[in-house]
Amino acid sequence: MSAVIENHHDDHHHGPAKGLTRWLYTTNHKDIGTLYLWFSFAMFLIGGAMAMVIRAELFQPGMQIVEPEFYNQMITLHGLIMIFGGVMPAFVGLANWLVPMMIGAPDMALPRMNNLSFWILPFAFFILLSSLFMEGGAPNFGWTFYAPLSTTYAPPSVTFFIFSVHIMGASSIMGAINVVVTIMNMRAPGVGLMKMPLFVWSWLITAYLLIAVMPVLAGAVTMMLMDIHFGTSFFNAAGGGDPVLFQHIFWFFGHPEVYIMILPAFGIVSHIIETFSRKQLFGYSSMVWAMLSIAILSFVVWAHHMFTVGLPLAAELFFMWATMLIAVPTGVKVFNWIATMFRGSITFETPMLFACAFVVLFTMGGFSGLMLAITPADFQYHDTYFVVAHFHYVLVPGAIFSIMAAVYYWIPKWCGNMYDERLGKLHFWLSFIGVNVTFFPQHFIGLAGMPRRYPDYALQFADWNMVSTVGAFLFGVSQILFLFIVVKTVMGGKKATDQVWEGARGLEWTVASPAPYHTFTTPPKID
Amino acid sequence: MNSDAKKTLKKLLIAVPLMFAFGFALVPLYDVFCEVTGINGKVFQSDYEDELLTDDGRPLAVQFISTNNENMPWVFEPSEKVMKISTGEYYTATFYVKNTTNKKMVAQAVPSVAPSNAAAHLKKLECFCFEQQELMPGEEALLPVKLLVSNELPKNIKNIIMSYTIFDITDYNDEPMAGHEMNMEH
């Protein structure tokens, strides 16, 4: 897509307000994007600190540092914070910053709701984290909160957990509605659906997924609330309910949620690979159709998380094949990225390094997912560290690497300064090595039979656990470097050009760097 | 905001409560789905049928397992752990129960059959699991299950496990267990 801006005289419209109220009252998509990104970074560090507690405990066999009860609270909060506080708000932040600029819109369609959807998030996580200091401790039933562990046997703080999930859900739903209304109605003339940048497409699909499944999650926690406090028996077998029903409802939300956390990454990586390969993306329309098929398939595969609950054979076969079918559109995407790079004149700036690592490591996570999809094999792998290795491979070098790549790629546009390329590359290599040293050995100990979610393990798993912990601390410490690089870039640095990257395409690169407070108050003209 | 955007917004705002309701609708939908497709391995009460009887049945072992749900103090165990039977004949097995408490209690047993593809060939003329049991303090009883395994049972199945979990439903007694009430009508 090529675009021409006639002039920039709408820039001096008015600038942001001053002081704290700027951030409290802001309805500007760029401000809200920034708030989301900083919030998710704070959550990333808190959730990361919890991961360090987990890995420190697992450094050696035996009980070392924390009580088992506290360990359970750490794994639960680590999962919840990283998913709902880290990855999801980071993607919403990127959507806020980029979607209006990419489609030539002046702002999001519903700016006040945008403000609300961000500002309820800190309260949700304040409530969740405060449960650590309550009698009985924080939730300790794992991020999947299976009933009856999370109802009959839960600590009293479970009610606060339910309330905070409700708030997170409300925030996500509002954010998603905003994205859909913006994309469907505010595209500049000439930006047809099949001309939209892939990040916009990926978010349109993600937003529909969010609107479809976040209310189901809200329903699941509401049923828990009713079982705990109002005497219903949705999940209580003695009252005629069914604990397996909880898993069905949870994973009906949970599996599309997995794609909610990866589809925007697909969009980001497509942009970065085409920019640094200096070629047009290979197979644009097949990328769109692949994302649509993945999204639709995500609704009919949920029970592959529950192969061992005693499903009938027909269901096990159906969910196995349906799951494997997802490898087809995903494979299309991976091949398209490789074909884009093929014969391109590639340079490896930091965003490209992260994007390449994404393609390789995410594909590895996909392959271990295929192994887990094989029903009879899954009876062996279920609830072992192999599962932990699998989903960390798709989430850390998958979703999180894509977010880091996005930050390096667009930060010159956001604050007008180039980041320090040498430090960026250092950050990449430390993260890349750290992530693999942490999670690759977990495949081995998982296949050897080490179960997940225990603070202790049998002696034969000791060596690889020690390696994994060393890797985790390397990865953890490198993120402090990331914080330093981002702060340094915001404070100053080499001025960025408007185009920033030689091969960059798309409307966001046609506005000044840093992007003015208001962009595209008159729609751009598109050839 | 233009009118098109308002229309999109309205549609999405309707979709959210609908999906919330759908989450709750899943509760009965799962039961209905399993009933229609018959894939949940449940065994319902069946009538006596002459044509199920054969003289040339093949031998089969039926194992009985009893489980007490949490906080259920009754003694509950099968009279024999394994019963050697042959297909195409009616047998009666019994379970011993005793209310060990000093108050009147009501119980309900919930059955399960493994392997699940044997369920369709297991015919129960009578089962204590189709009813509730009310026992006085210290009272004991022998609960019968009258069953036949049809000759059509897949040849590779050499033994069947019938498992029963007994629940204390004294407090729920006013209305029988929601999920099972529906199933027992059949």
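Modeller: Two strands pair if DSSP finds at least two bridges between them, and strands (E, at least two residues) and helices (H or I, at least four) are DSSP runs numbered from the N terminus. This is a predicted model, in which local features need pLDDT of at least 70 and side-chain atom pairs count only at pLDDT 80 or more, while totals for chains, interfaces and linings use all residues. Residues are numbered from 1 along each chain as its sequence is written, and chains are lettered from A and ligands numbered from 1 in the order in which they are written.

In chain B, strand β5 (residues 105–114) pairs with strand β9 (residues 159–168) in the antiparallel sense over 8 bridges, and A107(B) stands opposite D168(B) of β9(B). Both strands belong to an open sheet of 5 strands with mixed pairing, ordered β3-β1-β9-β5-β7 in chain B, whose edge strands, β3 (82–86) and β7 (132–135), each pair on one side only.

Where the chains meet, 28 residues of chain A and 31 residues of chain B take part, contact meaning that C-beta atoms, placed from the backbone, lie within 7 Å. On the side of chain A, α7(A) gives the most, with 7 residues. Helix α7 of chain A also holds A218(A), which, leaving aside residues up to four places away in sequence, touches H166(A), G169(A) and F20(B). A218(A) counts as buried because it has 23 C-beta neighbours inside 10 Å, where 20 or more make a residue buried, 12 or fewer exposed, and numbers in between partly exposed.

Definitions and conventions: Two residues are in contact if their C-beta atoms, placed from the backbone, lie within 7 Å.
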